[in-house]
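Good morning, and thank you for coming. Please look first at the sequence and the structure.

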Amino acid sequence: MNKPVFTVIEGGLLTAEKNAKMHFKSAYVTDTRLMGVLAVYARWRKDLPGAYDFDDEDNELHQFFYIDCEEMGLETYKSILGNDREEIDLVEQALVGGLGAKKISLSERQLRALLTFYKNFNKHNGLPLPQNYDEYGFVLDEETVLSEAEQDTLMSLICSDITSDYQAVNYFLMRLFGRDFSGASYLASKSCPLDIYSNYFQATFCKNVIDKAREYDDGAVAYVCESLIEMGGNYEIIISEVVVKDLKVMDCRHCSGFAASSAEAAMMLAKPEFVTVYEVMLSDEDMDNNIGELTVNLNTVMSNHENGRMFMAFKPTNDHVNSRIFRLSNDVKGVYFLTDFGQLIASAYSLQDIRYLENKLKMSPLAPFLMVTAKYEFKEPVLFEFIQSDFEDFDDFLEFIRE
């Protein structure tokens with residue numbers, strides 16, 4: 001007598017989830033490609049077999065991707081199932097809030113092609129993809145490759161508009177020192193050399209000063225640039241000549257360069273800092289329950305440190321690139337630092353910005369529980385020194401550096 005053959009049949013929710021079809025609803029990308037990073041958002045609806053209500057909000061999947069165009073490629077993936085607006089806003093603020101970006105709508109084809117490109121970037125550079133591939137792999141499993149015309153259209157979407165020679169020069173040099181040749185080529189003519197700084201590997205473009213050198217009869221302008229860059233903890237000052245015509249870089253050549261000490265770099269980057277110190281009259285538990293007032297409502301990005309939590313407020317655009325003197329840190333509006341000692345410290349680099357931070361707190365529900373204890377103006381930044389120190393109390397730290 002033959003033994004019966006049993007077949008295991010998956011049923012219920014497990015089968016439905018595996019067979020769910022993802023229906024595209026919307027997507028956007030930030031226009032920050034020239035800054036070297038991108039944030040991508042996608043919204044899908046899970047069409048579950050046998051489900052009665054395909055528009056049930058619990059079946060919606062919200063995906064966030066963070067892309068480092070220079071080094072790490074497709075780096076971070078976060079997701080939310082369902083439409084918890086507060087949870088979605090928190091993730092969006094953490095990944096998008098600091099980019100000074102416009103959100104540009106993407107079609108499903110553009111979304112899949114963009115993520116496919118950076119999946120291949122990771123593979124080419126031996127980089128791991130973010131965790132939970134089984135959740136977002138459906139976007140990437142079938143490679144989507146755009147035509148040359150479609151690629152040009154997508155590149156124009158993810159790059160902010162160039163409106164001045166200063167902007168073109170700063171973005172171009174930033175891309176060159178990051179060895180991001182595809183980003184640099186978007187800003188340059190086809191005859192412009194892109195490999196003059198190829199010996200620098202993902203160098204940070206800390207500061208740049210642009211001066212007009214001469215004008216040509218055809219309308220082109222040559223600029224001399226003094227750039228402070230950092231690579232592997234070492235600083236260099238690089239002198240370049242960049243020729244621009246009709247907002248396109250026509251030529252670029254290396255003139256000279258020399259090493260700079262950390263002290264020299266600090267002097268070049270120094271600027272005044274305005275600080276307001278508050279005593280927090282809330283328990284740690286109550287403050288934790290109201291921490292959203294310092295993140296979503298004040299439009300900041302939070303990071304944890306040994307002696308507290310930092311909430312960094314960024315400017316809404318990247319207009320700091322459109323300047324004769326560029327500083328990488330000029331995209332920061334200000335900083336709130338909540339210490340474990342019960343102090344809230346507000347810091348900014350101008351009177352206008354510190355007053356902005358103070359007014360934001362005055363208008364927040366936290367206002368009745370904050371008492372100003374001191375205001376300072378420093379010739380150079382000290383808050384980050386405090387954050388990196390072993391001190392818990394800001395006043396004790398100031399007393400120490402005075403001595």
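**Ser160 and its surroundings**

Leaving aside residues up to four places away in sequence, Ser160 touches Asp31, Leu34 and Tyr171; a contact here means heavy atoms within 4.5 Å. Please keep in mind that this is a predicted model, in which local features need pLDDT of at least 70 and side-chain atom pairs count only at pLDDT 80 or more, while totals for chains, interfaces and linings use all residues. Residues are numbered from 1 along each chain as its sequence is written, and side-chain values use heavy atoms, with hydrogens and water left out.

Where does Ser160 lie? Its place is in the loop between helix H5 (148-158) and helix H6. Helices (H or I, at least four residues) and strands (E, at least two) are DSSP runs, numbered from the N terminus. Is Ser160 buried or exposed? Ser160 has a relative accessible area of 16%, so it counts as buried. The cut-offs are these: buried means under 20% relative accessible area, exposed over 50%, and partly exposed in between, with a 1.4 Å probe and protein chains only.

Five strands form an open sheet in the order S9-S8-S7-S6-S13, and their pairing is antiparallel. Strand S9 (248-260) and strand S13 (325-327) stand at the edges with a single partner strand each, so one side of each has no neighbour in the sheet. Direction ignored, neighbouring strands of this sheet are turned by 20° against each other on average. Helix H6 (residues 165-177) packs on the sheet and touches S6, S7, strand S8 (234-245), S9 and S13, with its direction at about 135° to that of S6. Axes are lines fitted to C-alpha atoms, for helices over the stretch in contact, and angles run from 0 to 180 degrees between N-to-C directions.

In general, strands of a sheet pair through backbone hydrogen bonds, either parallel or antiparallel. Two strands are said to pair if DSSP finds at least two bridges between them. Strand S6 (residues 204-215) and strand S7 (residues 221-231) run antiparallel and are joined by ten bridges; Lys207, for example, stands opposite Leu228 in S7. S6 and S7 form a hairpin with five residues between them, and Gly219 in the turn has a positive phi of about 95°. S6 also pairs with S13 in the antiparallel sense, over three bridges, and there Val209 has Ile325 as its bridge partner.

**Another sheet**

Five strands also form an open sheet in the order S4-S3-S2-S1-S5, again with antiparallel pairing. Its edge strands are strand S4 (73-81) and strand S5 (103-105), each of which pairs on one side only. The twist averages 25° from one strand to the next. Within this sheet, strand S2 (residues 37-47) and strand S3 (residues 60-68) pair in the antiparallel sense over nine bridges, and Ala42 stands opposite Gln63 in S3.

Most residues other than glycine have a negative phi. Asn132 counts as partly exposed because its relative accessibility is 45%.

Arg179 lies in the loop between H6 and helix H7 (181-187). Its phi is also positive, at about 55°, although Arg179 is not a glycine. With 38% relative accessibility, Arg179 counts as partly exposed.

**The whole chain**

Finally, we turn to the chain as a whole. The protein chain holds twelve helices and 16 strands, and its C-alpha trace spans about 90 × 65 × 40 Å along its principal axes. Of its 403 residues, 47% count as buried. Among contacts between residues at least 6 apart in sequence, 62% join residues at least 24 apart.

Thank you for your attention.
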